[in-house]
Amino acid sequence: MMGTSLEKYILAVITMDPQKVSGGAPIFYAENEDEMQKTAFTLEKILDGMAHDVKNGTMIIVKHF
Amino acid sequence: MENYTLAIIIGVLVGFVSRLLMLRTDYRQYPTYPHGRVIHISLGLIAAGLGAIAVPALFEQDYTAITFLALAAQQFRDVRNMERNSLQQLDEMELVPRGSTYIEGIAMVFEGRNYLVIFSAFLTSLSTVFWGWQGGVIIGILTLVVDASFMSGKLVKDVAEVRQADVRIDGPDLYVDDIYIMNVGLEDTREKIKKVGLGFVLTPHNENSIVTISNIGQRQAILHDVSTILGVYRDTGEPSLVPLSKRSLDDGRLGVFLIPQNRNPRKAMEIIRHVPVLEGAIRMPSESEANE
């Protein structure tokens, strides 16, 4: 159910700091804050997942079921 | 014999009228118009007939006839299933779903109201046999009043105080008053939320309402009702624009974050105040023996 989220799944990671992320989800590197926002915006619309800011220069696109 | 004919006619009439009175298509547009209504009016007529005919059958000592009432109960339980299924199907296509507690509540009402119709028709028919048509009409009107009293449930304003609160964005974090709602990553979405977002805080009146208000189904019902009446600023492919409610874990207050199409805080507040308290969400911890 929307709004209560039963399950979450990370669809993509956008980061300015490659040192800080690794793992299963596709990772997109961004040069700066602006590029990160733009990439996240595009991915959010395409993947229909919500963009969250993890606050350490990394954003994640999460599918909330 | 003539007396019975009159009893059946008056009983069926009163039962039918009570179904019509209890069948309201309001802002929820459910039952849907016109075919949803036709279904329930027809079932109401059948229920009224069953109730009214049971009396002469009993007086004629035709006791097997009463077993048909059991059959009727089975029939009307199916009404509940039917409503539940169709609402669940429809809910998948809603931008802001009703949620299963709301659906269950609606389905239950449909079943319950058919029994009320049987009850009205039965009592009216019985009193017509005893006291003639005048008695039937008087008792009939009384049962209609009883039916109407079953329609008025509690509203959110009876269990909680609603006030408007600030929608605050602190970095990616979104708050309503001091209640954390969600993390919004995109700058673009934050700007939209600043423009259209509305926040409300529901303060429960007592320990019972804390539990009721915290029910996820009840919270979804609030979001759904506001989104139905004021519209919603969202679409598919815009997962970040989502109305949400979160609790303050300290004191059970509920923060409600809304993104109505028609940004009218006063109206939104009135709508929240008039959301029905769902039967399935009501809890009474105060009735517990542990509290005595």
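T212(B) is found in helix 7 of chain B, which covers residues 207-214. The model is a predicted one. With a relative accessible area of 3%, T212(B) is classed as buried, because the cut-off for that class is under 20%. A polar atom of the T212(B) side chain lies 3.1 Å from the backbone oxygen of N208(B). When residues up to four places away in sequence are left out, T212(B) touches Q218(B), V277(B), A281(B), I282(B) and R283(B).

The interface between the two chains was examined next. Contact with chain A involves 23 residues of chain B, which meet 17 residues of chain A. About 1,700 Å² is buried between chain B and chain A, and carbon and sulfur atoms give 59% of this area. Within chain B, the residues that lose the most area to chain A are N183(B), L186(B) and P239(B), which together account for 31% of what that side buries.

Three salt bridges are counted between chain B and chain A. In one salt bridge, the side chain of R190(B) meets that of D53(A), at 3.8 Å from N to O. Nine residue pairs are in polar contact between chain B and chain A, with both residues at pLDDT 80 or more. On the side of chain B that touches chain A, at least two residues each are supplied by strand 4 (179-183), helix 6 (187-196) and helix 8 (216-230). Helix 6 of chain B provides the largest share of that side, four residues. By class, the side of chain B that touches chain A comprises nine nonpolar, seven polar and seven charged residues.

Technical notes
Residues numbered from 1 in each chain as written. Chains lettered and ligands numbered in written order. Predicted model: local features only at pLDDT ≥ 70, side-chain atom pairs only at ≥ 80, totals over all residues. Heavy atoms only, no water. Buried < 20%, exposed > 50% of the residue type's maximum accessible area, 1.4 Å probe, protein only. Polar contact = N/O pair within 3.5 Å; in protein donor to acceptor, adjacent residues only side chain to side chain. Contact = heavy atoms within 4.5 Å. Buried area = accessible area lost by both parts, 1.4 Å probe. Salt bridge = Lys/Arg side-chain N within 4 Å of Asp/Glu carboxyl O. Nonpolar A, V, L, I, M, F, W, Y, C, P; charged D, E, K, R; others polar.
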